[in-house]
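Subject: Structure handover

Hello,

Here is the structure I said I would pass on. My notes on what was found in it follow below.

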Amino acid sequence: MSHGVQGVSVLVLAGLLVAAAPVEGHHSVFGKFDVTRETTLEGVVTMVDWRSPHVHVFMNVRNGPRFDSWAVEIESPDILRRAGWSRDTLRPGDAIVVEGIAARNGSRQVWGDSIAMSATGRTVLNVDDFEPPAPLASRPAPEWPDGQPRLGPLPGGVDGYWAYPSATALVEDGVDVAMNAQGLLQNIDDAARVAPLQPWALALYRARQSRQLRDDPTFLNCKPTSGPRQFQQPQGVQLLEDRVRERIFVLVGSGNRNFHILFLDGREPVGQVGGDDDNPLYYGRSVGEWEGDTLVVETTSFNEDFWFTNGGLPHTDQLRLTQRFSRPDFDTLSYEVTVDDPGAYTRPWTSSWTLRWVAGQELPKHFCQENRP
Amino acid sequence: MRTLRFVSVLTAVCLIAAAPAAAQEGHPLKGTWLGTWGPSPEHLNDVFLILDWDGENITGTINPGIDNVEIRNATLDPEGWVVRFEARMTNAAGATLNYVVEGAIGNLAFHDRTITGTWSHESGSGPFEIQRQ
């Protein structure tokens with residue numbers, strides 16, 4: 001096959017993938033790719049499609065006397081950029097080795113876990129290396145003049161946000177179960193240990209897990225990653241404190257770049273009459289107050305139209321969250337959530353994790369609505 | 001009577017039109033269901049069912065309106081997602097009939113999931129199929 005024809009083939013394949021996107025939409029990785037089908041590809045880069053929500057690297061792989069075109073899907077540009085990538089890290093003509101997992105439908109697509117340069121063996125992508133090293137020394141948390149910890153960016157234009165959660169799926173504190181970053185259990189029989197689920201909720205959780213989370217409305221319909229899930233997303237969150245108006249804006253880096261308001265002005269957790277007063281919401285209604293150095297936020301009035309966790313733990317509109325935020329040092333946000341949902345769980349339960357401060361940066365620009373595969 | 005029929009149809013249309021915005025991911029039974037039941041596959045009547053879950057009990061209403069009927073003793077067995085409920089209705093002759101409906105949820109993962117099964121009472125039985133709106 002001539003290079004010209006190969007090039008056309010690659011472009012046609014790329015075009016077909018892009019054209020198919022509106023039908024397939026943004027997907028959960030493990031809904032599209034099979035973790036049991038580990039695959040290694042060696043070939044030459046033909047094109048890099050640097051777009052949200054997932055970058056695609058197209059490559060030619062020798063198959064006997066001919067070359068096959070493969071699409072390697074990797075993380076989003078914002079996550080890759082944080083890990084030191086740019087759109088020029090790989091260029092057409094680079095010889096690479098890709099390790100990943102193959103598409104469930106048998107097409108020539110893989111999810112790339114690592115990419116190395118064939119010539120040198122140098123790894124240019126490793127999903128395990130996305131998190132930056134921890135700060136060398138602990139610094140005290142910044143404070144407002146009255147001594148209250150600051151949760152958001154510092155005055156004077158220094159940006160920052162919270163990301164790299166120490167846990168990426170909701171599990172009751174004290175429970176140790178193996179799951180991947182998307183909340184997919186390594187062993188489905190651990191499902192009952194994750195949280196005190198009612199029988200129907202456990203069965204539904206198992207069903208969602210058994211389908212590799214492919215029904216996640218966040219991926220299918222760009223539904224918000226609300227509740228505790230917004231604090232376990234790779235794109236992170238930013239907390240903007242408006243002390244004059246006694247509220248904190250929670251800017252969500254993932255999904256639709258939504259925002260949510262935590263009211264600290266002593267109001268009741270009710271909606272606006274004639275507005276959303278009788279309407280359950282994706283983010284619920286949140287009111288909070290400081291208890292010493294800890295911000296305690298109560299949230300109710302959730303609707304049932306989204307998954308409130310990575311991994312698909314169910315919830316109902318009886319969900320009530322008590323969230324506790326504190327900043328033990330400059331680079332750490334401690335987050336604790338108590339889930340009280342008598343519609344889905346047999347008792348209230350608590351989960352906690354930490355997030356890391358990403359200094360000097362605004363939230364990544366990641367839009368679910370770009371709606372590409 | 002014509003007005004009542006118009007209002008019923010209008011209500012049904014509004015419920016269906018509102019459905020896409022009411023997609024729900026919580027308890028699998030909660031929501032508005034629309035389908036058919038009757039003495040045979042050839043003779044089916046429309047049926048509306050509004051189901052709810054309060055954390056302990058499944059409650060619901062068949063054909064909401066002036067002749068609505070509350071369901072009773074509703075259960076959901078997650079093993080096979082089997083749904084069962086009862087309802088007490090009065091026929092044209094004034095006799096009370098005790099209905100038992102039993103079916104299984106299909107397409108659990110989708111908001112427009114189904115319940116397919118049978119209904120029966122003291123003197124009859126037939127197919128029952130509804131889809132979540």
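Two residues are in contact if their C-beta atoms, placed from the backbone, lie within 7 Å. With that in hand: in chain A, residues 24 or more positions apart account for 60% of the contacts with a separation of 6 or more. Please keep in mind that this is a predicted model.

Overall form of chain A

Chain A has six helices and 15 strands. Its radius of gyration is 22 Å, close to the 21 Å that the globule rule gives for 373 residues, so chain A is as compact as a globular protein of that length. The C-alpha trace of chain A spans about 70 × 50 × 40 Å along its principal axes. As for burial, 41% of the 373 residues of chain A count as buried.

Domains of chain A

Where the two domains touch, twelve residues of domain 1 are in contact with 16 residues of domain 2. On the domain 1 side, α2 (29-32) and α3 (77-82) of chain A are the elements that give two or more residues. The largest share of that side, three residues, comes from α2(A). By class, the domain 1 side has four nonpolar, seven polar and one charged residues.

Nonpolar cores

The largest nonpolar core has 70 residues, and A:Val57, A:Val72, A:Val110 and A:Ala201 are those with the most contacts inside it. Helix α5 (residues 199-210) of chain A supplies the largest share of this core, six residues. Both domains take part, since at least three residues of the core come from each of domain 1 (3-129) and domain 2 (160-370) of chain A.

Which residues is A:Val57 in contact with, leaving aside its neighbours within four places in sequence? The list is A:Val45, A:Val48, A:Val72, A:Ile74, A:Leu90 and A:Gly112. There is also a second, separate core, of 19 residues, which includes B:Leu29, B:Leu51, B:Ala74 and B:Phe128.

Contact between the chains

The contact between chain A and chain B takes 19 residues from chain A and twelve residues from chain B. Sorted by class, the side of chain B that touches chain A has seven nonpolar, four polar and one charged residues.

Regards

Terms used
Residues numbered from 1 in each chain as written. Chains lettered and ligands numbered in written order. Predicted model: local features only at pLDDT ≥ 70, side-chain atom pairs only at ≥ 80, totals over all residues. Helix = DSSP H or I, 4+ residues; strand = E, 2+ residues; numbered from the N terminus. Rg over C-alpha atoms; globule rule 2.2 N^0.38 Å. Buried ≥ 20, exposed ≤ 12 C-beta atoms within 10 Å, placed from the backbone. Core = buried A, V, L, I, M, F, W, Y, C linked by C-beta atoms within 7 Å. Domains from an automatic or database assignment. Nonpolar A, V, L, I, M, F, W, Y, C, P; charged D, E, K, R; others polar.
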